[in-house]
Amino acid sequence: MLYLYGLVLPGTDVPDVPAGPGISDMRLVGLGEVAVLVSDVDTDEFVGTPSEIRRHVAVLDGVAADHPVLPMRFGTVVPDETAVEEAFPIERRGAISDDLDRLGGLVQLTVRARYVQEAVLAELVAEDVKIARLRETLRHLPPHALRDARIRLGELVVRGFARKRAHDIDVVLDELAPFTVEIHEHETQQVDDVLECAALVRRAEHTKFEGVLEGIAERAYGRIFFRLVGPQAPYDFVGER
């Protein structure tokens, strides 16, 4: 059986990622103008553990550091090289090659930002009279009257975070825009989440992008915590294969 990592251009360097239990070293299966990065795999031993997921990501990100790659979904297995050829027929290979050419010289960087909750709450209390007064009122209310007041305070705080989030997102994305080809924002879930986005960046400007983000993080220190992940394969900028 063959495990498929991703589609690449012929001649792509195979990353130096150690083989795991039931999975061999990597090699390329050539398909003319494109190639597929594969390993021989023993499906009885390959069960999809977290370490195997990490290896899959490490392989793709290792390739993406120097070459364009179209990631395959984790766990994609086919019987043999004939099945690889059948999965990517000749009539599809031109479009795949075009996608790889489009991604040439580009990598994905993922930015995650989260508020330091106590700092932003302090801002809201200082800026919003309603929040400040309601917080003070809560200290003097009898127990039976606390529930409604707490709900009202929670609503005001959530709205306050939303206002600040909209402003802070604009600031961050405006500063990063000159160094990005494309940005995909992810939907966030928690009230103290500021931003999660994937940026498609030219490899030559990777360090510039990182430097700009470091500057933003320094100015927001104590208020917003930033995390940068990458360079990565362009997971957010290609369809599932």
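A salt bridge here is a side-chain nitrogen of Lys or Arg within 4 Å of a carboxyl oxygen of Asp or Glu. Asp40 is partly exposed at 35% relative accessibility, and Arg27 is partly exposed at 27%. Buried means under 20% relative accessible area, exposed over 50%, and partly exposed in between (1.4 Å probe, protein chains only).

Strand 2 (residues 23–31) pairs with strand 3 (residues 34–41) in the antiparallel sense over seven bridges; pairing requires that DSSP finds at least two bridges between two strands. Ile23 has Val41 in strand 3 as its bridge partner. The two strands make a hairpin with two residues between them, and Gly32 in the turn has a positive phi of about 75 degrees. Most residues other than glycine have a negative phi.

## Other salt bridges

The whole structure contains 10 salt bridges. Arg112 forms one with Glu196, the closest N and O atoms being 3.6 Å apart. This pair links distant parts of the chain, Arg112 in strand 6 and Glu196 in strand 8 (residues 193–202), 84 residues apart. Both are partly exposed, Arg112 at 31% relative accessibility and Glu196 at 24%.

The side chains of Arg223 and Glu123 meet in a salt bridge at 2.6 Å, N to O. Arg223 is in the loop between helix 7 (206–219) and strand 9, while Glu123 is in helix 4 (residues 117–127), 100 residues away. A network of salt bridges links Glu123 and Arg223 with Lys164 and Asp168.

## Overall fold and a cis peptide

The protein has seven helices and nine strands, taken as DSSP runs numbered from the N terminus (helices H or I, at least four residues; strands E, at least two). Of its 241 residues, 43% count as buried.

The peptide bond from Gly230 to Pro231 is cis, with omega near 5 degrees. Pro231 lies in strand 9 (residues 224–232).

## Confidence and conventions

The mean pLDDT, the predictor's confidence in each residue from 0 to 100, is 86, and 86% of the residues score at least 70. Confidence is lowest in helix 5 (residues 129–138), with a mean of 68, and highest in strand 6 (residues 106–115), at 95. Where pLDDT is low, the predicted coordinates should not be read in detail.

Residues are numbered from 1 along each chain as its sequence is written, and side-chain values use heavy atoms, leaving out hydrogens and water. Local features need pLDDT of at least 70 and side-chain atom pairs count only at pLDDT 80 or more, whereas totals for chains, interfaces and linings use all residues.
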